[in-house]
Structures are given as C-alpha cells and as structure tokens.
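Have the viewer open as you read.

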Amino acid sequence: MSVTEPATIPVALSGRSYEVRVGPGLLARLGAECGLLLRKDSVPVVTDANVAALYTDAVEASLAAVGKQARWLVLPAGEKTKDWAHLAQVIDFLLAEGVDRGDHIVALGGGVIGDLTGFAAAVLKRGCGFVQVPTTLLAQVDSSVGGKTAINVPMGKNLVGAFHQPGLVLADTDVLGTLPPRELRAGYAEVVKYGLIDDANFFAWCEAKGPALLAGDAAARIEAVSRSVAAKARVVAEDERETTGTRALLNLGHTFGHALEAETGYSDTLLHGEAVAIGMVLAARYSVRRGLMQQADADRIAAHFEACDMKADVTELGLSCDGRRLADHMLHDKKMDAGTLPFLLMRGIGQTFLAKDVAIDDVAAFLDRELKS
Ligand SMILES: NC(=O)c1ccc[n+]([C@@H]2O[C@H](COP(=O)([O-])OP(=O)(O)OC[C@H]3O[C@@H](n4cnc5c(N)ncnc54)[C@H](O)[C@@H]3O)[C@@H](O)[C@H]2O)c1
Ligand SMILES: O=C(O)C(=O)C[C@@H](O)[C@H](O)[C@H](O)COP(=O)(O)O
Ligand SMILES: [Zn+2]
C-alpha cells in the first residue's frame, strides 16, 4: 500500500460542501475513508462488468475492514448503459436493498456509472446520498465532481437528469493503471479542457507532461487529477446549477462533441472524451473563422492532441453526414434558450467565453467545410 497522503480538495457549496480526495491507495481504504457516511452493515455498490472484474476483491476487503459487506449491482460497460432501462434496474436494486434517504450508496466506475447511479440516487425516495469512486481518468477529473447526473434518451445526450451532489469523492489514481490506453486518452481531453478554458499555464503544462501522463507517469497523473478537480470545484462553487454562465464554460467543445456522439449513436465508435477533443478543435477553428482567435492557437491545440496520439480532426471520423445534420443535433442542447444556442468560443488559449450571437446556420456552413476539408 502506498504511503503517499491523498490531496483533499473541497467543493464549497452553500451548506453542502464535500471533499474530493485524490491519490494512490484510496480504494483499499474505501470503507475507512467513507467513515460515518456508511450507516448500515451492508453497502450497495453499483459498477460495471469491467470494473467488477478488476476491483471486487479490493472493495470487499476495504469494507470488511470496517465490518461492512458490499451488495453488488454489476451492469454492462459502455455508454448505452446510461439509459432508462438501466436506471430502472438501479432503482429497483436500491429499493430491494432497503436504502433509506439518509444512506449513501457507492458508484464505482467511470462517468457512465457515476452519472447513472448519481441520477438514481437523486430520485430514489426523492434523494439519497452517494459516494463517487471514479475509476477512469475522465471520471476522476470531471464527471465525479459537481453533481451533474443524467441518462441519455433517443433525442439526445444527458437530456434527463438532475443536479445531485455526492457526499464524498474518492479518486484512487492507482486504478488508472488498468485503464485501456484509448480510455485514458479520452479522459485526457477533459484535462486539456481546463487549460483551454481559463488557464494557459495549465495548457502549457499539458503540452510538457501530457505524453508522460499517458505513458504512466504517476506523479503527472496525480497532478493532472488534482489540478483538474481544483479547477472544476472553483467553477461549480461559483455556479452550481449553470445559471450564471460560469459553469457553461465546462461545456467547451461539448456542443460540437455531443452532436458527434449523437451522429455516431453513442457507440464505441466515438467515446465522449474523443468527441470533446474534436469538439474543442472545432470550437477553436470556428473562433478563428469569426476572427476571434489566431490560427496559430487553433493549430497548437490540434497539434497537442496529435502529439498525444489522439484524433483532432473531424474528417478522421469518416462521417457521411453534412453540417446541417450535425447542427440539427445541436438544437437539443440544454443550453438552448428561446431559439438561440449560446456557444463556447475562444479568444485565445485560456480565454474561453460564452457567445450568444452565433447563428446556427453559420455553424452548419462551417461544419460543412470542416467535414469536406
Ligand atoms: N457528470 C459530468 O459532469 C460528466 C462530465 C464528463 C463526462 N460525463 C459522462 O461520462 C461518461 C463517460 O465516462 P467515461 O469516459 O469514464 O466512460 P465509462 O464509464 O464508459 O468507462 C470507460 C470504460 O473504462 C472501463 N473502466 C473503468 N474504469 C476502469 C479501470 N480502472 N480499469 C479498466 N477499465 C476501466 C469501463 O468499464 C468502460 O468500459 C459519458 O456518459 C459522459 O457524458 C459526465
Ligand atoms: O460539469 C459540467 O458542467 C460539464 O459540462 C462537464 C462536461 O464535461 C460533461 O460532459 C457534462 O455532462 C456535460 O453536461 P451537459 O449539461 O452538456 O449534458
Ligand atoms: Zn464532458
């Protein structure tokens, strides 16, 4: 077991603050770290089949160490699990387990398990507690923090959900060691996002350390997760429910990205983080088209993803649709407001802002050119 102490990052919300603990060895201490949040002898744990195959024993041992027993619900892995049918399955499981409103359940897995279990916790008896134990880079740097929970529906991504904050987040950076390289890269896109939003120094850090992080550098992983969580915690503390526009900054690349995910059917063809990476490059290029950003900055972003062996260009997806079709997907975006769609654009690296004067027809024309170039 590692002796390195975890970093503790508070998410300061009025009256309901919680901690995100980041570091190696946390999974082995799950039971102890949760402490009084776990009130009963049995602890419902929702996970997916890949994670269960790797970490069942560690979780059971850590709970046994504090006299508790895990009760498992193991779901299929993948984005398609974030749907109505699996939501019903989680809720039926929690009801059968006799979960009360004051209890905490455990979401052990990536963003799919976290979003789904968090949403189930939000609606179970009008809200029970939950602990996020994120096991992907994406979930550690982004989805486990901030309380956005949701499922996908045929009309679009995350269209049914709730804001429901976890009671605790435990990000064990050791578990990233078993994550497939493709998933690691997808999660890394959301790390780079924080640099692009408002921290050019962090983007430069990504350029310097990203390849090492992806290759397995443990210190770089801990630093990336800690800095990303701190950045997200600051934004969420300022605008928990995305009402002032501050939290919308976290959506950089997502309007394009979610449209690409919809077009590829939420399949393994395109992971969320992969869509976000391409979406951020598109946002940068569209910002150049509007005369807001230097071409060199947009090129620098694409070059960084390419240096990390990631797709940066939408043409690499081989889509057969046109720009209008992608723009039509965007009309289901939750940022839509009285017929207009605010867009996250950039004046430079680390200078993202919410533009409210973007015409969807112009975006469709831009995408047409990008898809053909
Ligand atoms: N709520 C939010 O704020 C927020 C933020 C970003 C993304 N999201 C959502 O998160 C989802 C994507 O999450 P994700 O990228 O974590 O995908 P995921 O949950 O599907 O996990 C990716 C894959 O990695 C496997 N896996 C997980 N941990 C592992 C480990 N330690 N070792 C080996 N395999 C492991 C999983 O079984 C799965 O096959 C999307 O639905 C996205 O919309 C939500
Ligand atoms: O936490 C947020 O706020 C985000 O926007 C983080 C995103 O990375 C994440 O993908 C989120 O689920 C997207 O939110 P949505 O409101 O566009 O569904
Ligand atoms: Zn995202």
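A residue counts as buried if 20 or more other C-beta atoms lie within 10 Å of its own, as exposed if 12 or fewer do, and as partly exposed in between, with C-beta atoms placed from the backbone. This is a predicted model, in which local features need pLDDT of at least 70 and side-chain atom pairs count only at pLDDT 80 or more, while totals for chains, interfaces and linings use all residues. Residues are numbered from 1 along each chain as its sequence is written, and chains are lettered from A and ligands numbered from 1 in the order in which they are written.

## A covered strand

Strands (E, at least two residues) and helices (H or I, at least four) are DSSP runs, numbered from the N terminus. In strand 5 (residues 104-109), six of six residues are buried. In a regular strand the side chains alternate between the two faces of the sheet. Here H104, V106 and L108 are buried on one side, and I105, A107 and G109 on the other.

## Its neighbours

Strands pair if DSSP finds at least two bridges between them. Strand 5 runs parallel to strand 3 (residues 42-48), joined by two bridges; V46 has A107 as its bridge partner. Six bridges, also parallel, link strand 5 to strand 6 (residues 129-134), where H104 stands opposite G129.

## Around ligand 2

The shell of ligand 2 (C-beta atoms, placed from the backbone, within 6 Å) includes D142, K148, R247 and H254. Domain 1 (7-178) and domain 2 (181-372) each supply at least three shell residues; the bounds come from an automatic or database domain assignment.
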